[in-house]
Amino acid sequence: MGCGECKWFFPLDEDPNRGDCVQRESDEKSEYYTARPCGAEDAACEKFEKK
């Protein structure tokens, strides 16, 4: 499975094969989002969730 099949993958408008993996994180003070660049064909990580 690749990142492109994950619900956390958000493709770029100019290149749908590239995008960001956006995750909701929380700590004792607040909740926030993190984003890391990835490709649609990259191997899925441990946070993978099917779309």
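The largest cavity is lined by C3, C6, W8, F9, C21, R36, A44, C45 and F48; a cavity is a set of points, on a 1 Å grid over the protein atoms alone, where a 1.4 Å probe fits but cannot get out, and lining residues have an atom within 4 Å of a point. Eight of these lining residues are nonpolar, none is polar and one is charged, where Ala, Val, Leu, Ile, Met, Phe, Trp, Tyr, Cys and Pro count as nonpolar, Asp, Glu, Lys and Arg as charged, and the others, Gly among them, as polar. The space in the largest cavity is about 50 Å³, the volume being that filled by probe spheres set on grid points joined across faces, edges and corners. The model is predicted, with local features requiring pLDDT of at least 70 and side-chain atom pairs pLDDT 80 or more, whereas totals for chains, interfaces and linings use all residues. Numbering starts from 1 along each chain as its sequence is written, and side-chain values use heavy atoms, without hydrogens and water.

The largest nonpolar core comprises C3, F9, C21, C38 and A40, that is, buried Ala, Val, Leu, Ile, Met, Phe, Trp, Tyr and Cys residues joined through side-chain atoms within 4.5 Å; buried means under 20% relative accessible area with a 1.4 Å probe, protein chains only.

Strand β2 (residues 18–26) contains Q23, strands being DSSP runs (E) of at least two residues, numbered from the N terminus. Strands β2 and β3 (residues 31–39) pair antiparallel over nine bridges, pairing requiring at least two DSSP bridges. E25 stands opposite Y32 in β3.

Conventions:
Helix = DSSP H or I, 4+ residues; strand = E, 2+ residues; numbered from the N terminus. Buried < 20%, exposed > 50% of the residue type's maximum accessible area, 1.4 Å probe, protein only. 1 Å grid on protein atoms, 1.4 Å probe; cavity = no way out; pocket = protein on both sides within 12 Å on 5 of 7 lines; lining within 4 Å.
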